[in-house]
Amino acid sequence: MFLGMDDTDSPDGMCTTYLGAILAENLRRAGYTVGEMRLVRLNPNVVWKTRGNAAVCLEISGGTPEEVFDSACRLVEEFAEFGCENTNPGIVVVNERPNPAFYYQALQRFCTIEETIQRLDAIGALYRGYKCGRGLIGALAAVSSVLPDATYELLAYRSPERFGTQRKIVAESFFTSAAATFPHTWDTVDPTAGTVVCVPHGKDPVLYGIRGESPEWVKTSAKMVQSEPPILTQIWRTNQGTDAHLLDYDGEPQEGLSYRMDGVVAGNPVTTCGGHVHFTFKPDAGEPLLTVFAFEPTKEFRHIVRMLRSGDCLTLCGSWKKNSLHLEKFRINDLSDEQIRASPKCPVCGGRMTSAGRGKGYKCRTCSGRIREVATVPRKISVGWYEVPPNARRHLAKPVVRIHEPQHLQGGQNG
């Protein structure tokens, strides 16, 4: 059977993965077999999410669905953050995975509570929604999930008496671990900023989370880190770092959806008050010009964006929110020539040249020498992928280290 659970946390505490890990331990002690455990991220633009919009799914053998369902309900009723307005837990148990269409809808678009309940009734699921029952959406999506591309995360959890206190870690050990296991693990640290990324700062039970390409690699990485002793660790199979939330752009951007699109820069980047950078983009699909933003929290990523020029051919990945595309990463496919702005020096006498007229090149003031071609300057960026830094990356966004391209297509730098 498959059990899905969602929306038990709040911005100030608890974690649905923690309850999933505790439930798995309880079931194992009761004689059940717990197989694959999934951490499923859903549409990151959902406005009513509590934190990272994650649901969990446990594959369970033994006993009856009713017994498993009751165990999950008791756990949620004991630990969920019911005092938070946006916390509305949901639990679902099914005998086999439902059609994945609902998973993709919750991942890439939006679902209503009403249509979720209709689907649950149609497939004969056991379910319970608390308060408004919004967590049923994530719970059904989790049991319906398919992961054609999957990554893994080892989550270490704190002892309950430590909840809400400062986490005790040896930061240097996380940098050592990251250096030893990259590129098989990622987003443990941000080397440029000199910060540890995989350790949260809130009151939730998570001590740290190591993300990687296999269970073996995340375990290897976790063995190298030094911290307060975790009470429990669990390796989750996930859709994190897969770009599963992206849709191919069809020419009509919709609020809250995330896209992958090809096109051309139509206006040089501009830096606005607050340090945000934006430029105009002409997608290959559709007529409207789009505004694209790289926001201040993406830090040095904005420096790369500022180097773009009109005519550059790009592939963009990001979310459409408030009439603009919020960049997650982009690929430079081709660079335009950047014309020199200052008058060039004469190649004959070294004197300063002036324009000879539109499209006629330059004329030397001293010796009257001429050059017909407009000079260009070398670009400081190259073809390849560029991404936001680890501390600004969304859970679902695929890091550049996971993008495998033929050698002749690679280039650029990793944000």
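Student: Is Val225 buried or exposed?
Tutor: Val225 is buried, because its relative accessible area is 10%. Buried means under 20% relative accessible area, exposed over 50% and partly exposed in between, with a 1.4 Å probe and protein chains only. Please note that this is a predicted model, in which local features need pLDDT of at least 70 and side-chain atom pairs count only at pLDDT 80 or more, while totals for chains, interfaces and linings use all residues. Residues are numbered from 1 along each chain as its sequence is written, and side-chain values use heavy atoms, with hydrogens and water left out.

Student: Where is Val225 found?
Tutor: Val225 sits in the loop between helix 7 (215–224) and strand 11 (232–238). Helices (H or I, at least four residues) and strands (E, at least two) are DSSP runs, numbered from the N terminus.

Student: What does Val225 touch, not counting residues up to four places away in sequence?
Tutor: Val225 touches Ser173, Phe174, Ser177 and Tyr208 on that basis; contact means heavy atoms within 4.5 Å.

Student: Now Arg379: is this residue buried or exposed?
Tutor: Arg379 counts as buried, because its relative accessibility is 17%. Arg379 lies in the loop between strand 22 (376–377) and strand 23 (384–387).

Student: Which side chain does the side chain of Arg379 join in a polar contact?
Tutor: That of Asp312, in a polar contact of 2.8 Å. A polar contact is a pair of N or O atoms within 3.5 Å; within protein, one must be able to donate a hydrogen and the other to accept it, and residues adjacent in sequence count only if both atoms are side-chain atoms. Outside four places in sequence, the contacts of Arg379 include Met307, Leu308 and Glu338.

Student: Which residues touch the most other members of the largest nonpolar core?
Tutor: Leu3, Leu58, Ile60, Ile91, Tyr157 and Trp236 do so, in a core of 34 residues. A nonpolar core is a set of buried Ala, Val, Leu, Ile, Met, Phe, Trp, Tyr and Cys residues joined through side-chain atoms within 4.5 Å. Elements giving two or more residues to this core include strand 1 (2–6), helix 1 (16–29) and strand 11. Apart from it lies another core, of 26 residues, among them Phe281 and Leu290.

Student: How many cavities of 30 Å³ or more does the search find?
Tutor: The search of the whole structure finds 1, and about 40 Å³ of space lies in the largest cavity. On a 1 Å grid over the protein atoms alone, a cavity is a set of points where a 1.4 Å probe fits but cannot get out, and a pocket is an open set with protein on both sides within 12 Å along at least five of seven lines; lining residues have an atom within 4 Å of a point. Grid points are joined across faces, edges and corners, and a volume is the space filled by probe spheres set on the points. Residues lining the largest cavity include Trp186, Asp187 and Arg211.

Student: What volume does the second largest pocket have?
Tutor: The second largest pocket has a volume of about 370 Å³. Of its 22 lining residues, the closest to its centre are Phe182, Asp187, Val189, Pro191 and Pro390. Helix 6 (171–181) gives the largest share of that lining, 3 residues.
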